[in-house]
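Please find below a briefing on one protein model, arranged by topic. The structure is shown first and the commentary follows.

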Amino acid sequence: MEKHSLTGRLQELGIYNDFYMRRELKPLASVLKDSEQINCIITGVNEGNRKLVAITDQRVIIIFSGALASGEIKVINANAVASYGFTKKLLQSSAVIRTSKEEFCFTGTQRSLCDLFNWAMEKIISNKGK
């Protein structure tokens, strides 16, 4: 997917202003398939690092693009997602995505994106096996 297509989708979702300066968007655009559609993006702290979580209609993509490190990308296919949750708090909201083998907890997430996160995760759960 090209970056301008990604920014267009972020504008459709109403979250472009929150993420247009994130350095993770460039690697995200290169990882996305042409047939994939972004449904939500959040950021949060996981394992001591701020990471970007992109939820598409087919998978969850976790990107860490550190200032000093080369970064890393973790992909969770729809079939691997076992459960998810979002805890909405005034200052320290958090999101969790569980597979049968791992749990990814992100603290300090954007509280305002709770509904979008839940909607996107419900879509990915409903796409299991497709």
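The points below move from the overall fold to individual residues.

This is a predicted model, in which local features need pLDDT of at least 70 and side-chain atom pairs count only at pLDDT 80 or more, while totals for chains, interfaces and linings use all residues. Residues are numbered from 1 along each chain as its sequence is written, and side-chain values use heavy atoms, with hydrogens and water left out.

**Overall architecture**

- The protein contains 4 helices and 7 strands; these elements are DSSP runs numbered from the N terminus, helices being H or I of at least four residues and strands E of at least two.
- Along the sequence, the order of elements is α-α-α-β-β-β-β-β-β-β-α.
- The radius of gyration, taken over C-alpha atoms, is 14 Å, close to the 14 Å that the globule rule gives for 130 residues, so the protein is as compact as a globular protein of that length. The globule rule is 2.2 Å times the number of residues to the power 0.38.
- Taken along the principal axes, the box filled by the C-alpha atoms is roughly 35 × 30 × 30 Å.
- Contacts are heavy atoms within 4.5 Å. Of those with a separation of 6 or more, 48% are between residues 24 or more positions apart.

**Surface and charge**

- Of the 130 residues, 44% count as buried; buried means under 20% relative accessible area, exposed over 50%, and partly exposed in between, with a 1.4 Å probe and protein chains only.
- The protein exposes about 7100 Å², of which carbon and sulfur atoms supply 46%. Accessible areas come from the Shrake-Rupley method with a 1.4 Å probe, and for residues only the protein chains shown count as cover.
- There are 18 positive and 13 negative side chains, and the centres of the two sets lie 3 Å apart. Lys and Arg count as positive and Asp and Glu as negative, without His and the chain ends; each charge is placed at NZ of Lys, CZ of Arg, CG of Asp or CD of Glu.

- N39 lies in strand β1 (residues 38-46) and counts as buried because its relative accessibility is 2%.
- The side chains of N39 and R9 are joined by a polar contact of 3.1 Å. Such a contact is a pair of N or O atoms within 3.5 Å; within protein, one must be able to donate a hydrogen and the other to accept it, and residues adjacent in sequence count only if both atoms are side-chain atoms.
- Leaving aside residues up to four places away in sequence, N39 touches R9, L13, I55, T56, D57, L116, W119, A120 and K123.
- S35 belongs to the loop between α3 (25-31) and β1 and is exposed, at 55% relative accessible area.
- With residues up to four places away in sequence not counted, S35 touches D57 and Q58. The C-alpha atoms of S35 and D18, 17 residues apart along the chain, are separated by 24 Å.
- E47 sits in the loop between β1 and β2 (49-56) and is exposed, at 66% relative accessibility. Its phi is near 55 degrees, a positive value in a residue other than glycine.

- N118, in helix α4 (residues 114-126), is partly exposed, with a relative accessible area of 26%.
- N118 and G85 are 33 residues apart in sequence, yet their C-alpha atoms are 7.5 Å apart. Not counting residues up to four places away in sequence, N118 touches Y84 and F86.
- T99, in strand β6 (residues 94-99), is buried, since its relative accessible area is 15%.
- Beyond residues up to four places away in sequence, T99 touches I76, A80, A82 and F104.
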